[in-house]
Amino acid sequence: MCFEDEAGQTLRPPKARTWGRRGHTPQIPVSGRGSGRVSIAGLVCYKPGQRPRLIYRTIIHRGRKNERRSFGETDYIALLDAAHQQLRGPIVLVWDNLNTHISAAMRQMIAARDWLHVIRLPAYAPDLNPTEQVWSHLKRSIGNLAVRGVDHLLSIIRNRLKRIQYRPDLLDSFLTHTGLTIEPNST
C-alpha cells in the first residue's frame, strides 16, 4: 500500500523557532533574489512484514516563461512505474483528489496498468495521509535555512529526504500518526 502526496518549497525558508541570547533576536538574511521552486512528489509504501519505503521525485522550476510549476500526469505515472519496478509487486495507491490525479488522461494511464489499484482519500483529509508527515518533518528540518539558489535548495531537500528513507522507524511513526494500520492479508 502506497500513500502519495506532493509538496513544494521556494527559496524563502519556512519559519521555525530557535534559541538566541536574551535581547538579540536571531535573524537569517534572505536575499530574495532569483526565483525558483522545488516540487516534490512522494510515495510512502507499507507492506506487512517488510520495512516501509519512501520513494520520491523532484522537479526544479526556475521561473522561466511557460514552464510548468507542478507535476503533470506523465510525471506521476513515471513515479508509479518506478515504484512498481522497485517494489516488485502490485500497488494499492492512496492519494487525494488533486485535479491532475482525477483527469481523463490520468484515468486512462491508470486503466492501462493492471497492477495498480487507486483509492481516493476523502476531501480535506490530509490527516489520513502519512506522506503529509514526511513533508512536515522535511520542512521542520530546513526551517530558518538560507540557501544560495534553487540548486542548493534541491541538494538540501534530497539530503533530508535520503535521511528519512534510511529511518524505517520514522516512516512507521508517520503511519501511526494517522491512526491507520496495515494488516497482513489473511487469504
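Are C2 and C45 buried or exposed? Both are buried, where buried means under 20% relative accessible area, exposed over 50%, and partly exposed in between, with a 1.4 Å probe and protein chains only.

This is a predicted model, in which local features need pLDDT of at least 70, side-chain atom pairs count only at pLDDT 80 or more, and totals for chains, interfaces and linings use all residues. Residues are numbered from 1 along each chain as its sequence is written, and side-chain values use heavy atoms, with hydrogens and water left out.

1. The disulfide. A search of the whole structure finds one disulfide, defined as a pair of cysteine sulfur atoms within 2.5 Å. C2 is joined to C45, S to S 2.4 Å. C2 lies in strand β1 (residues 2-10) and C45 in strand β2 (residues 37-45), so the pair ties together parts that are 43 residues apart in sequence. Strands (E, at least two residues) and helices (H or I, at least four) are DSSP runs, numbered from the N terminus. The link of C2 and C45 is right-handed, with 110° about the S-S bond. In general, a disulfide is a covalent bond between the sulfur atoms of two cysteines.

2. The strands. β1 and β2 run antiparallel and are joined by nine bridges. Two strands pair if DSSP finds at least two bridges between them. In this pairing, Q9 stands opposite V38 in β2. β2 and β3 also run antiparallel, and nine bridges join them. Here L43 stands opposite I55 in β3. Eight of the nine residues of β2 are buried, so β2 is largely enclosed by the rest of the structure.

3. T58. This residue lies in strand β3. T58 is buried, with a relative accessible area of 19%. Leaving out residues up to four places away in sequence, T58 touches V38, S39, I40, F71, L154 and R158. Contact here means heavy atoms within 4.5 Å. The side chains of T58 and R158 make a polar contact at 3.2 Å. A polar contact is a pair of N or O atoms within 3.5 Å; within protein, one must be able to donate a hydrogen and the other to accept it, and residues adjacent in sequence count only if both atoms are side-chain atoms. T58 and R160 are 102 residues apart in sequence and 13 Å apart in space, C-alpha to C-alpha.

4. Helix α4. What span should α4 have, at 1.5 Å a residue? Its 16 residues should span 22 Å, and the end C-alpha atoms are 22 Å apart, which agrees. The expected span is 1.5 Å times one less than the number of residues. Buried residues of α4 include V150, L153, L154, I156, I157 and R160. What covers the buried residues of α4 includes β1, β2, β3, α3 and α5 (168-178).

5. Salt bridges. How many salt bridges does a search of the whole structure find? The search finds three, each a side-chain nitrogen of Lys or Arg within 4 Å of a carboxyl oxygen of Asp or Glu. One joins the side chains of R62 and D151, 2.9 Å from N to O. R62 lies in the loop between β3 (53-61) and α1 (73-87) and D151 in helix α4 (residues 150-165), so the pair ties together parts that are 89 residues apart in sequence. R62 is partly exposed at 30% relative accessible area, and D151 is partly exposed at 45%.

6. The other two bridges. D81 forms a salt bridge with R113, the closest N and O atoms being 2.8 Å apart. D81 lies in helix α1 and R113 in the loop between α2 (104-111) and β5, so this pair ties together parts that are 32 residues apart in sequence. D81 is partly exposed, at 28%, whereas R113 is buried, at 17%. D169 and R167 meet through their side chains in a salt bridge of 3.9 Å, N to O. R167 is partly exposed, with a relative accessible area of 38%.

7. N129. This residue sits in the loop between β5 (116-120) and α3. N129 counts as buried, at 2% relative accessibility. A polar atom of the N129 side chain lies 3.0 Å from the backbone oxygen of E4. Leaving aside neighbours within four places in sequence, N129 is in contact with F3, E4, D5, L121 and T178.
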